[in-house]
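Please keep the sequence and the model in view while reading.

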Amino acid sequence: MQNQNDLTDLFKTALSNAGFDSNVDIGLERPKDESNGDFASTVAMRMAKSEHKAPRQIAEAIVDNFPENNIVESIDIAGPGFINIKLSQGTLTDVVERIRSQKYDYGCGVIDCDDNINLEYISANPTGPMHVGHGRWAALGDSIARIMKHAGYNVYQEFYVNDHGVQMQLFANSIYVRYRQIKGEDVEMPDDGYGGDYVKDIAQKIYDENKNADIDFIRDYGYKYMMDVIKHTLAQFGNEFDMFFSESSLYDDNLIEAALDEFKSKDLIYERDGATWFKSTEFGDDKDRVVIKENGEMTYFLSDCAYHKNKLDRGFNHLIDIWGADHHGYIPRMKAMIQAWDKLPDSLEVLLGQLVNLFRDGEKVRMSKRSGDMITFQELIDEVGVDATRYLMLSRSSDQQIDFDIELAKKQDSSNPVYYVQYAHARICSILRKAYLDLKGFSGSQGADEARVECMPIEEIAETLICNPELKYLEHENELELCRLMDSFPEVLKMAALQRAPHKLVKYSQDLAHAFHLFYTNCHVMAESKKIRKARLALCDAVRITLDLTLGLLGVSAPTRM
């Protein structure tokens, strides 16, 4: 955002020189049509009403009073008062050394925010292996955390373990049935039981260890076993949670009763028809909500109230939950609950995500944890890999469904979007290695030298190879387009962080990779001129760093060879 900030300062000076108030939003944007320049400002049109002048008249005054500088090559007025700016060649190419200097800190801290954020996602019942839908939340939550941290937020990642209630008992009962069947007993699986083969596997493991297990032992064993499976899958996928919070702990530590008592102290609880109700309508909900049923059973809503109060009590002042879209109706009561804890409703931010449609050979794959008729998340990443799974899971906005094509994800060609981007990174690394061999005078016949260079860190090769490049030799339109794209990275990062939208970085990585492939086709990197060659190698290195950084924020690797 360096160029954008510099331009903003120049505009403010021009406004002051022209006798206008400089404390206005300059409104710099990148035009969709590149022929309109590198940036455009609508400040003249926004000032027209307060200044009682035509926008074009204001624009002319701004342009006439624009200070001399070496940042802008040209500044023009278009239409009713758009101000279009074309940056100088030197300004565009400066980004190459900025990136090579800052490396993986590039774009870091574009947002100044002191909020202590709790990001909770996945939060699956430990009653079976994670399904593909959980995989989308794993990719989405982790990438949002990475992006927000890089942008400047404090983010704490949390997995809420739903280990209390009916589903856990049904899971334990299902294992117990299989356990008894292994022992030779004639018992049937109940209709509401979990019928997947993994239940048989757990029962067999228990039987091998304990021939006389009771239901309590089986429940504890099944829970611990499934949590180990879930944590293993998440670790393989690259997720690192700060905490796995147990729902049962809310009951064990009397946090449910404490939350209910506080509601009562605020006169937000009443009895009706044998049930206990929370006055959520006082905070904008369409109806009050039951917290204790007629039979004395506490509702999920009450445990959610206690859990979110616990988050606030731990010092988090902004809570982000990622839910499936089918939980949309749950939001108003949760916002009401947050206000009952004397917080603004926006202190709770709920991201709703659509599910994943998984296809194999053109047929939609069913996903049912109960029947076991599904491809698990673990099986998916085992088959197509972590990188392809993550990248495709993040390729669209979370409020859009994803049709995940297994066969496309496995392809090793440019039709696979993650391969296309990773290949751009690997191609740059290959260019740098070959340039290094050429610099050292190694011939292709010296296999030992090539093998040694192959083992060298690519960063070391780049530092040795490229010193004090003269970037004025970057003049080709494909070279300047790469510079424009890299210069826009902090802006894209900022929007991705503010909007919790990793798909913006997916799109950015594709655009940058495409621009690099065009550059590679049209500009001979190993040019005869050593100065041009060094400038282009520096450009390649900056693209390498930016691609690596972008993929890293998505949790995707940047291979150095493919």
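This is a predicted model: local features need pLDDT of at least 70, side-chain atom pairs count only at pLDDT 80 or more; totals for chains, interfaces and linings use all residues.

**A buried loop residue: Phe316**

Phe316 is buried, with a relative accessible area of 7%. This residue belongs to the loop between α11 (300-313) and β11 (318-324).

**Surroundings of Phe316**

- Not counting residues up to four places away in sequence, Phe316 touches Asn116, Ile117, Asn118, Tyr156 and Lys311.
- Phe316 and Val155 are 161 residues apart along the chain, and their C-alpha atoms are separated by 9.5 Å.

**The chain as a whole**

- The chain holds 22 helices and 15 strands.
- Its C-alpha trace spans about 85 × 75 × 40 Å along the principal axes.
- Of the 562 residues of the chain, 52% count as buried.
- Among contacts in the chain with a separation of 6 or more, 71% come from residues 24 or more positions apart.

**Nonpolar cores**

- The largest nonpolar core has 132 residues, and those with the most contacts inside it are Ile85, Val96, Ile122, Phe404 and Met486.
- Helix α22 (residues 530-553) gives the most to this core, contributing twelve residues.
- Another core, of 32 residues, lies apart from it, and its members include Leu250, Val291, Leu319 and Trp341.
- Which residues are in contact with Met486, leaving aside its neighbours within four places in sequence? They are Val95, Val96, Ile99, Tyr106, Tyr508, Leu512, Leu539, Ala542, Val543 and Thr546.

- Most residues other than glycine have a negative phi.
- Ile122 is not a glycine, yet it has a positive phi of about 70°.
- Ile122 lies in the loop between β5 (116-120) and α5 (132-151), and it is buried, with a relative accessible area of 8%.
- Ser123 also has a positive phi, of about 45°, although it is not a glycine.
- Ser123 is found in the loop between β5 and α5; with a relative accessible area of 13%, Ser123 is buried.

**Two further buried residues**

- Ser248 is found in helix α9 (residues 247-252).
- Is Ser248 buried or exposed? Ser248 has a relative accessible area of 17% and counts as buried, because the cut-off for that class is under 20%.
- Leaving aside its neighbours within four places in sequence, Ser248 is in contact with Asp163 and His164.
- Pro502 is found in the loop between α20 and α21 (503-522), and at 2% relative accessibility it counts as buried.
- The contacts of Pro502, leaving aside its neighbours within four places in sequence, are Leu140, Ser143, Ile144, Ile147, Leu394 and Leu554.
- One of these contacts, Leu394, is 108 residues apart from Pro502 along the chain, with the two C-alpha atoms separated by 6.2 Å.

**Helices α16 and α18**

- Two packed helices are described by the angle between their axes and the distance between the axes.
- The axes of helix α16 (residues 417-439) and helix α18 (residues 458-465) come within 10 Å and cross at roughly 50°. That angle makes α16 oblique to α18.
- The crossing in which α16 passes α18 is left-handed.
- On the α16 side, Cys429, Leu432, Arg433, Ala435, Tyr436 and Leu439 take part; they meet Ile458, Ile461, Ala462, Thr464 and Leu465 in α18.
- By class, the contact of α16 with α18 has nine nonpolar residues, one polar residue and one charged residue.

**Helices α19 and α20**

- Helix α19 (residues 477-487) and helix α20 (residues 489-498) pack with their axes 4 Å apart, at an angle of about 35°.
- Leu485, Met486 and Asp487 of α19 make the contact with Phe489, Pro490 and Glu491 of α20.
- The residues of this contact of α19 with α20 divide into four nonpolar, no polar and two charged.

Technical notes: Residues are numbered from 1 along each chain as its sequence is written. Side-chain values use heavy atoms; hydrogens and water are left out. Axes are lines fitted to C-alpha atoms, for helices over the stretch in contact, and angles run from 0 to 180 degrees between N-to-C directions. Helices (H or I, at least four residues) and strands (E, at least two) are DSSP runs, numbered from the N terminus. Angles under 35 degrees count as roughly parallel, over 145 as roughly antiparallel, 65 to 115 as roughly perpendicular and the rest as oblique. A crossing is left-handed if the near helix is turned anticlockwise from the far one by less than a right angle, and right-handed if clockwise. Contact means heavy atoms within 4.5 Å. Ala, Val, Leu, Ile, Met, Phe, Trp, Tyr, Cys and Pro count as nonpolar, Asp, Glu, Lys and Arg as charged, and the others, Gly among them, as polar. A nonpolar core is a set of buried Ala, Val, Leu, Ile, Met, Phe, Trp, Tyr and Cys residues joined through side-chain atoms within 4.5 Å. Buried means under 20% relative accessible area, exposed over 50%, partly exposed in between (1.4 Å probe, protein chains only).
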